[in-house]
Amino acid sequence: MEAKALLNKLICRTGLLEQHVQILRKLEPLMSPMASEIALAFYDYLGRDEEMRAILWNSPGRVERLHMSFSNWYRGLFCGSYDGEYAEKRARIGLVHAAIGVKPSFIMPAFGIVQELSLEHLRNTIRSAEIFSAVEAFQKIMAIEAAIMQDSYMQAMEFGYRLGVATDQEKALVMGARAMLEKAS
C-alpha cells in the first residue's frame with residue numbers, strides 16, 4: 001500500500017483528529033529539546049543486545065549518524081503536518097532499518113523507551129488536566145509510527161520473496177528493503 005494511503009487509514013484507525021494534531025504542534029517546543037536525550041537512551045538500549053550492537057557499530061560513524069537521524073525523527077513526531085511526505089519519510093526509515101539488518105523485534109521494543117521517557121517528561125512538565133490530552137495525542141502518533149514501520153518491514157520482506165533472492169525471512173527482509181530503496185532512488 002502506498003505510504004500516504006496507509007497513513008490516511010492509520011489516522012482513521014487511531015482516531016487522530018485535528019485537535020490531536022494541534023496538541024502535538026503545541027507540544028513541539030516542550031518535547032523537541034528531549035530528542036538528543038531520548039536518542040541516547042534509545043541507542044543505549046539497543047546497544048545492550050549483542051546482535052544489535054554488531055549492526056550499530058558495524059561501520060565507523062554509524063551510531064553518530066543514527067543519533068542525528070533519530071533526533072530529527074523524534075522532532076518530526078510533533079511537526080503537526082501528517083501528510084504524504086511525512087508518510088514517505090517514515091516508510092523509508094523502516095526500509096533503511098531493514099536494509100541494514102535491523103529486525104522489527106529490535107525496533108518495536110525500543111519504541112517502549114521512546115514512549116517511557118516521553119511520557120515521563122510530559123508528566124513532569126504538564127501539571128494540569130492538559131496532561132490527558134497530551135498523552136492521548138502522543139500515543140496516537142506513536143501507534144501510527146509503529147504501524148508505518150511495521151508495514152514497511154512487511155513490504156520489504158514480501159518484495160524480497162517475490163524477487164526470489166532469499167528463502168528465509170531475514171534475507172528476504174534485507175534484500176527486499178535494499179531493492180526497494182534502490183528502486184526508489
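**Aromatic cluster, salt bridges and helix packing**

Trp-73 is buried, and Tyr-74 is buried too, where buried stands for under 20% relative accessible area, exposed for over 50%, and partly exposed for anything in between (1.4 Å probe, protein chains only). The model behind this is predicted, with local features needing pLDDT of at least 70 and side-chain atom pairs counting only at pLDDT 80 or more, while totals for chains, interfaces and linings use all residues. Residues are numbered from 1 along each chain as its sequence is written, and side-chain values use heavy atoms, with hydrogens and water left out.

Rings of Phe, Tyr and Trp (the six-membered ring for Trp) are taken as paired if their centres lie within 6.5 Å; planes under 30 degrees apart are called stacked, over 60 edge-to-face, and the rest tilted. That rule gives 10 aromatic pairs. Tyr-43 and Phe-70 make an edge-to-face pair, because their ring centres sit 6.0 Å apart and their planes are at 75 degrees. This pair links distant parts of the chain, with Tyr-43 in helix 3 (residues 35-47) and Phe-70 in helix 5 (residues 62-76), 27 residues apart. Helices here are DSSP runs (H or I, at least four residues), numbered from the N terminus. Tyr-43 and Phe-70 are both buried. Trp-73 and Tyr-74 pair up as well, this time tilted, at 6.4 Å centre to centre and 55 degrees between the planes. Taken together, ring pairs join Phe-42, Tyr-43, Phe-70, Trp-73, Tyr-74, Phe-78, Phe-111 and Phe-138 into a cluster.

Ser-118 belongs to helix 7 and counts as buried, at 0% relative accessibility. With neighbours within four places in sequence set aside, Ser-118 is in contact (heavy atoms within 4.5 Å) with Met-31, Ile-38, Tyr-74 and Phe-138.

Next come the charged pairs. With a salt bridge defined as a side-chain nitrogen of Lys or Arg within 4 Å of a carboxyl oxygen of Asp or Glu, the count comes to seven salt bridges. One of them joins Glu-85 to Lys-89, the closest N and O atoms being 3.5 Å apart. Both residues lie in helix 6 (residues 84-99), four residues apart, or about one turn of the helix. Glu-85 is exposed, at 52% relative accessible area.

Glu-145 and Arg-90 form a salt bridge as well, at 2.8 Å from N to O. Glu-145 lies in helix 8 and Arg-90 in helix 6, so this pair ties together parts that are 55 residues apart in sequence. Both Glu-145 and Arg-90 are buried, with Arg-90 at 8% relative accessibility. Not counting residues up to four places away in sequence, Arg-90 touches Trp-73, Gly-76, Leu-77, Glu-145 and Ile-148. Trp-73 is a member of the aromatic cluster too.

The side chains of Arg-162 and Glu-158 meet in a further salt bridge, again given as 2.8 Å, N to O. Arg-162 and Glu-158 are four residues apart in helix 8, which puts about one helical turn between them. Arg-162 counts as exposed at 57% relative accessibility, whereas Glu-158, at 48%, counts as partly exposed. Elsewhere, salt bridges with shared partners connect Glu-51, Lys-103 and Glu-170 into one network.

On the surface, Leu-163, Val-165 and Met-175 make up a nonpolar patch with about 240 Å² of accessible area together. Patches are built from residues with over 30% relative accessible area and no salt bridge, joining like charges within 9 Å and nonpolar side chains (Val, Leu, Ile, Met, Phe, Trp, Tyr) within 5 Å; the areas come from the Shrake-Rupley method with a 1.4 Å probe, and for residues only the protein chains shown count as cover. Met-175 sits in helix 9 (residues 169-184) and is partly exposed, at 35% relative accessibility.

Conventions:
Helices (H or I, at least four residues) and strands (E, at least two) are DSSP runs, numbered from the N terminus.
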